Structures are given as C-alpha cells and as structure tokens.
Amino acid sequence: MERLRSILGPLARPITSVPLARHLVVALIAFVVAMAVIGASSQYLQTRYAEMAYFAIAAGGLTLLTGLSGQLSLGHGALMAVGAYAATLVLDRTGGETLADVFVALLVAIAVCALVGVVVGVPAARLHGPYIAGATLTLAVAVPRLANQWHVLGGEQGLQVPVPRAAELPAWIQDLVWFFTAVEIDQYSFLAYLGWLLLALTFVALANLSRSRVGRRWRAVRDDDVSAELAGIHLGRARVVAFTVSAMAAGLAGGLMAMNVRLTAPGAFTITLSLTLLAAVVLGGLGSLPGALIGAGVLAFLPHFATDLGESAGLSATQAAEVTPVVYGLVLMLVILLAPAGIVGSLRSLVSRASRTSSLASALGSTKEKTT
Amino acid sequence: MQQFLDTTLGGLVLGAVYAAFALALCLIWRSTRIVNFAQAAMAMVTTYIALSLLNADVPYWLAFLAALAAGFGLGAVIERVIIRPVEGKAELNAVILTLGLFMVLHGLTAITFGVQHRGFPAPVSTNAISVGDTSIGITPFGILTIVVVALVMAGLVVLFRFTDLGLRMRAAAFNGEVSRLLGVRVGRMLTLGWALAAAVGAVAGMLIAGGDLVNPAFMDPFVIYGFIAAVLGGLDSPLGSVIGGLILGLSLSYVTGYVGEHLAPLVALGILMVVLLVRPSGLFSAAAARRV
Amino acid sequence: MRNTARRAVQVVCVLTTASLLAACGAGKERPSEDGSAVGVTDTTIKIGAHFPLTGPAAPGYSEIPSGHEAFYEYVNDAGGVHGRDIEMVVKDDAYNPTNTSAVTNDMILQDEIFAMVSGLGTPTHRAVVQRLNDDGIPDLFVSSGSLQWGDDPGKSPMTFGWQTDYEIEGKIIGQYVKENMPDAKVGLFLQDDDFGEDGEKGTREFLDSQIVDVQKYTPGGSTDFSPQMSSFKSKGVDLVIGFNTPSYTALSQIAAQGVGFKSKWFYSNVGSDPALVGGLLASMTKGKIPAEQGVKLMDGMMTTEYLSGVDAPDDEWVKLWQKVWDNYSKKGSEKLTNYRIYGMAQAYTLVQALQANGKDLTRESIVKTIEEEGSSFEGPGLAPFRFSADSHLGISGMSVVEIKNGASEPLTPVLVTDIGDAPIEEDDSAASDAPPSSGIPE
C-alpha cells in the first residue's frame, strides 16, 4: 500500500489518500468479480457486458456533469460519436491488430473529445436549463450528420472498425485470463474484459475527482452559483472543466462502442442514444457513479427483456421493439415526479434516515462527510 | 435565378410551419416558463389521429379539426396531470420530464399505429403552379400552409388583445399571485395556455405532413428547429417566434439548396449559439435581458 | 512449476465458475472450434436474415421475408430438404447499418444460425460481411446488387450475391439510353452509398458525356427532395436515372411535381415496383387521385427486370409462386406482390443449393456446392447465375422494360453481360426455364 501511495502520490495530491485507496480496492474487487462473471458467460452475454461497460463509462461522465456541476447535456451521443470516429480513424490507419493500436486509438479518442469538450463547454457554461438542453440536443443531431458531409468519414454506411483477433494478443494476457477464468480468451471476452478494466479505471478517476477540491467546487456551483462566485470560484472555469472531463469519458465510451459494434456510422448516434443516456443517469440518481452503473446495466439488458415481454403480450416484433423507449421515457417521468434522487439516492436517504434515528454517532459521521 | 426563387419560396413555406410551431412553444413558455420538448411528439400524435380518420374516409377538413381538438385536449390533460407538479420547481425537472414525455408518446404511437412510413394526403394539389410556360416553385398546398399559419396568428392576436379571456390568460402568466388575488383562476388559465399551444402545434403537424410520408419520427426535426426558431425570436415574443420561424426556414432552405442537407442542423446550431451568446433575449424580446 | 500453479488456479477457477454459473445462470460454454455445422440438426436447418421491417426502406422490402417463409413452409410440408425443415429467423434493422451489426451479433451468438440468407441492403449488409466471413458463416444470396458480395471471393469467401448486380444494370441501362436517347440530358439520382456508386460506375461507361447533373440522398435523412429536383430543372435535365429504394421513387416524384420539373424517368429495378410506388403516390395525394389509379402515375417510366412478376400471371414460375402463396402465406388476406415473389425466388435458390449439397451439410460444404454447381442452377431468373470459384456474383442479366398500366412491357430482349468491359449480349436461354412439377428443386 505504501508503494502504491508513493507511485500514485502526485496524482493523489489534491485528495486525502484514504478515499483513493478505498476507491482502488473497490474497483479492483469489482473488476475481479466482473472478470469471473464474464469468463463464465456465453459469448452472447459477453457482448452485453461489453455494451454495459461502455454505457457505464459514458453515463459516469454524464452523471458527474449533471449531478455535480448541475449542467444538463443532451449532447453526449454526439461526443460519443466524436470518440468513435476518432478511434476508428486511428485503428484504420494502424491496422488495429495489436493491443498497442487499441490503446493508442482510445487515447486519441479521449484527447480529441477533451478538445471538443472545451470548445463545446465554453459556450455551454454560459447557458442554463432549457437553453443548454436545446443547444446540446441540437449538437446531438448536428454532429453525426457531418459524417454524411465529408467522404473521409464514410457517409451513412459508416466505417468498418478493425479489432484485434484474440490469437494476436500478447501471450501474457492470454495466460493471465486463463489463470483467472480457466477459459481461453476470444474476441468477445477480450472486448468485455477491456471494457470493464477501463470502466474500473474511469470510475476510480471520476470518484476521486468528485471527492477532490474540484468536485467540491462543482457542487458549490451547482447548489448556489452566486455564493460560489462570492467564495472566489470561477464559475465558467469550473463548468468548462466539468464538461471537459465528462466529454473525455464520453470519448472513451465512443471508442469502445466502435470496437464492439465494429462499425462507426451516423445511424448509431441518434437523439434516442443521448436521451437513453440521460434516462440511465436519472434512473440511477444524478451524481451517483453506482447509479450510473445500474443505469448502464438497464440500457444493456432491458431492450431484449422488454422486447420479449412485448412479444409475449401479443405485440408484433417491430411494435415490441418500441416498448424499450417507452420504458425509458416512463423512467424519466416517474423518477422526476416520484423519486427525484433516483434509485441510489433514494436508497441512500432511506439508509441515512434509518441510521439517523438509530445512532447519533453515525449521523454525525455522515454530516461530517458531507461537509468535508 | 429560377433555383433561387424556388429555394426562397420553399423556405418561406417551411418557415411558416416553423413559425406555427415556435408560436406554440412561446405560448407555453409565457404561461408556465417551461420549454415543452414534447411538443413535436404531441403534434405527431394528433397528426396520426387525423391520418386514421382520413384513412376511414373522413373529409380532410373534418380530420383537420379533429387533430386540433385532439391537440387541445391532449395539451390540457398533460398540463393538469404531468406538468402541474413541476411548475415553479427546478427548471431541470421540467426539461427532463418533457423529454421523458417525448419518448413515451413516440413509443406509444409506434405501438398503436405501427412504425411504417405512410403517405399523408394534402387537401389541395402539391404540383407546382405554372405561370405561362414556366412553373414557379410553390404549390397550392404551400400557399395554403402560409394562409393557415397567418390565420392562426391573427386568431391568437385577437384572443390576447381583444378578449377578456385573453386578458386573464396574460395576467395569469404575468403574475400568478396578483392575478389570483384579483379573482383570476390561474390554474385554469395555465391549462388553457397549454391546450391552445398544443392545438397550434397540431396545425403545424398537419401542415408538414401533407403530401409527404409520415412515421412516428417525422416531427423529430421540430424538437430542435422549433426551439431554435422560438429562441431566435425571443421565447417571450409571439411576433418574434413567427419572424424567427421564417428566418430559420429561409436559412435552412438556402443551406440545403446550395451547400448540403447534412450541414443544416450545424448551421441551425450556429444560429442558436450566436443568438444566445450575442443577444440572449432574442431578436424581438420585450424584456431587456434574460438569463440564458 | 508453472503447470502445477496453472492447474491449481484452474481448479479454483472451475469451482468459482461453477458456483457463479449456478448463482447467476450465466450462459453456457460453447465449443469454439467445431463451428462448421452450427445451426444444423438431423431435422432442422436454422437460417437468419436482417430486413428493414421499419424505417424508410421498409415499404416493399419488409414483404420479402414473408415470401421466404411461405416457400420454406411449402418445402417443409413436403418433407423438407434431406429430411431437414428450414427455420428462418428474421430481424429488423430499420435499414440502419448499426442495427444490422447488432442484430447479426444476436443471430450468430444467441440464435446460433447456420447461415445468413438474403440479408437486405447495400449499406446495411456491408456492415456485417467482414464479421460473417471472419466467423466462417455462409452469407448467401444477399438481397442487394452491390458488387462487393461477389467480385472478390478471396476477400469474402463465404458471401454470395443473388440478383443482377448494379454495375451491369448500370451498363445495360447506359447502353439502352445511349442507343435510343442519344440527345437526352441525363441527371443521376443516387442513394449516397455503394449502391449509388456501383450504379453510377456502370452508367458512366456509356453515358459519361450525357450526364449533366448528379444528385444524392441519404436514407433516413430529409424526405424533401425539392432542392435536388430544382437542380435537375435548372440544369435542363430531361432524363433522370435513379438508383434508389422504392419510397424514394415516390418522394422524388412528389418533389418533382412540387417544383414543376418534367422529365423522363428511368428507375433501377430495386426502386421501381409499380404497385408499391403507385400506392405510396396515391396515398400522398389522396383526394386528388383515386387510390386504384395511383399506379397510372408510373406510366411511361422505364426500369429493368430479371424476374417475372405479378403482371405476368401466366408465367409458369408466377403460377408456382401464386400456388405457394395461396396455401402457405401467414396472412392469407394479403396479396402476392413482386417483393414476395423475390423472396420466394431466393428461397428456391437456397433449397436448390441445399438439395445439391446432399445430406452432409457443413458451412464449408454449402459454399463449395454453390461454387461448383451454382452456375447450372435453373431457376426463375431470366438470366443464368455466374457462381464459380472466381465469382460469387448472381444473375447475369436483365431486360429493359417500360411500365404501362402497372405492367411491364419489354423494350429489349434479355441482355447478359458481366462486370468490367464484358460485352452486352442478347441471351434468353435461361428465360425459358420452367419449374419442376413438384415446385421443389430436385
């Protein structure tokens, strides 16, 4: 642990090292469990887990933005598109055969999205409520259409995404996976492992950020921007940073999505994608990373479940496919009307209410935690 | 020159429909300070109701009135049941709520009426009008569109300027507390505002569907273009909404005709951002400043 | 040492896995190497396909799977193929390539299909060809005329085309226009993807100097084509050649009338069905034109034909399709259409290939069978197949026709050619093929 702390020291400077260690341990345990589950799953389920991972990364970034800094973005589908195209273009150039190609592509996707995040975040920081909603919704529609305008982006039929074959992965990875799961790695499990590894890393980073001074500033801006400004917080800067971090997560998610779908085309990045991401974070509870994970799980598994349900209720296949968006829409409406804190938030308030009545000490503890 | 004329006329017709739609958003904004992102889906629902009637051989104008009535009822019910609880609450709540409503209406329509593309008839010809040997790029249906939107606007002006009901609606929207003290039934006025707005939206739906294919997503572009038109003119100003609609219709028509269809939403986004950052109250807002 | 460690870990992991399996019911283990006969049992063969059941390309194309299903029912009722019933999984992709990728994933991993048969669309199927070939899954008789299904079997060894490809269609259209309308100013109306590109390539081989304007559209994009038609009008186009899907034929007609653009029209085969387009046109102008007269709006349009359709009820093949449809359609009230005929004709070719393959069916053997024997399959197509080890392209020709009263009148005999600079020749030898009396290929 000491060694870990010294390695991560510079990174951990703005935070007390205790939460970082806690986040790392939780993430490690979660990742090991995820590996075991993925290894034991069918290839079909592996593709669902991989999908859940990239949705969770995007939702994690979005929940941080909306929940902590109070900015709504309906444009995260567009940012995922940017990430997906960036990663695809890199993989196309490099051939996408090695692990290094994959990581370079994902890093480029994150970098490009950071840039786009700043460009979008600066004007967005000046908007609020319905205005930022309308502007980011327009962004979600406008950006994917650019693929039709420029030939290099492949038009409506999109760009094919090369992904590494499992046999070409380094031997140590193949051995490692064999060690942990007793199943040989293949293309499907590779993408699922990769997704969950990056998910764990992203969530550690986001959790630390939200615990740090930066995160506290975001919350201050969200709760009362005038007081925050009086306290010396640069409102615009705080919002732009939040938007940029969130965009980087969306970019990584987009890159992973491209590899999983094996195609990057404008038809993947519809208004519906942006709205379902919103549904995921609202359902889980704005600002909650575990909530984002739950929401992403719903996104990855609900469509098949809901469609089956619809068909067994006597709907045709094409009608049954519409049950899913209805559920998402109902989720958005019901959560706002009945439980604005979402699943995790509601559970948390139940727990804290129970503990407040039972023990003064823990109530004090939770208050203290809130104020630090 | 011919192409420029055709593009301009096409832009005016499109702009008229945007204007009607922006007007509907404006009515709701004035009464409840909410941007209704479900407006397009509501108009789509009423258009489908009209289509069902048309397919059952109901005359066109009767179906048109039915769409209006359905819009009026839908708007009233939605305000009373769904929107009332979030009025005056954090503005994010209303945004998310109307987006949820958008998805629900979308999906339910698809389940009820099917997702197929279906032809939607027009009451008059959709062939270009000819003057002598040359045909000009406007159709009788296009002219009808402009006339209907003008009538709707005139009707609203009469309602708000010259009737007691209109005065009470304006009072309720302007200051609910004071109006309530003066005996205006504010809740009812807000409901009426939503109902009227949804009826105007229904008109826009009927006009854009005529002579085209419809499917549950056919109104989706209006979610953004209607919003942009309304913001362009100033969400507060009905006249501004109309002019904003026309400006947007013309701009998008030129972009589509001369540059490329795919850049239209990007240009719209550019227009929106310039307005929001340079003149946040919109081009024609009465208010001196507004927080965007 | 390493082996011992590995084995110890293995034991632990197997235990963990087993408990996890029991706990969450997560999936089953699949053998990874013997994938060659997945989807085939002693009594069944499971195939799958993606079709646009919804979305802009659905009108017309969504009817194709019902033709397949009716014909398989017919065959299964007569004992199946070598004792196996054919089961078909149909998934909707809404003509959106991303959805195609997702539903194909489901069909491969969840439904465990033996082969993809007749997946529809150039932009859509293109998204999954690599995937199907990587996984060694036969990808038979794609419902699209794009070249990429068959011009390079080395790259896509499992994929086969079926219908006449767009390049030779472009060549045949191009030659006809050059010979019969040498002064026409041609405008191309193209779907903005490989479909339009292939068609343009073939057309330009003959009409490069006559083409004065090219306009494109995006499926799923705007449905208002006034700008495109205005452009044709301003450039003086008097013949439009369209490589587009059926709803876009209707929409381009409406837009042309809306801007007052008058022209001759030549729509490629896939976008020209008079019954469907006429119906769409009538529904958009209802009140002015009685629905049954909608087809008249198509009068005078030119198109191409490689299968006999519902307008030729006395054709032996059409009689067979009618018989199958009358007895085996799921919804008996719906009429036989050219799209359902298309589906049945593809199904016929599949049954032909499975029959020729014999009882021992694997993914590799069906590919080999089609390569070796496909060019001698006698079927409903007006021209023979080109299948060989060097070409996986399908039907080799078509005739040019004009639409009158919803029926097609031939303007040329059947013209046969190949891609590249292969000459165009008259050859109606395959046009006289007749179905066996049982209606099931032997």
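Start with how two helices of chain C pass each other: α4(C) crosses α5(C) in a right-handed way (a crossing is right-handed if the near helix is turned clockwise from the far one by less than a right angle, left-handed if anticlockwise). This is a predicted model, where local features need pLDDT of at least 70 and side-chain atom pairs count only at pLDDT 80 or more, while totals for chains, interfaces and linings use all residues. Residues are numbered from 1 along each chain as its sequence is written, and chains are lettered from A and ligands numbered from 1 in the order in which they are written.

Back to that pair. Helix α4 covers residues 97-109 of chain C and helix α5 covers residues 122-134, and their axes come within 7 Å, crossing at roughly 40 degrees. Helices here are DSSP runs (H or I, at least four residues; strands are E, at least two), numbered from the N terminus. The axes are lines fitted to C-alpha atoms, for helices over the stretch in contact, with angles running from 0 to 180 degrees between N-to-C directions. The two helices are therefore oblique to each other (under 35 degrees counts as roughly parallel, over 145 as roughly antiparallel, 65 to 115 as roughly perpendicular, and the rest as oblique). On the α4(C) side, P97(C), T100(C), S101(C) and T104(C) do the touching, and they meet a set in α5(C) that includes H125(C), V128(C) and R131(C); contact means C-beta atoms, placed from the backbone, within 7 Å. Sorted by class, that contact has four nonpolar, five polar and one charged residues (Ala, Val, Leu, Ile, Met, Phe, Trp, Tyr, Cys and Pro count as nonpolar, Asp, Glu, Lys and Arg as charged, and the others, Gly among them, as polar).

Now zoom out on chain C. Its domain assignment gives domain 1 (37-163 + 311-396) and domain 2 (166-305), with bounds that come from an automatic or database assignment. The domain centres, taken over C-alpha atoms, are 28 Å apart, and each domain of chain C puts 17 residues into the contact. Our helix α5(C) turns up again here: it brings the largest share of domain 1's side, three residues.

The contact includes L248(B) and V255(B) from α10(B), plus V267(B) and I271(B) from α11(B). Its residues are seven nonpolar, two polar and no charged.

Finally, look at where chain B meets chain A: 42 residues of chain B are in contact with 38 residues of chain A. Helix α11(B) is among the elements giving two or more residues to this side of chain B, but α4(B) gives the most, with 17 residues. By class, this side of chain B has 33 nonpolar, six polar and three charged residues.

Terms used
Contact = placed C-beta atoms within 7 Å.
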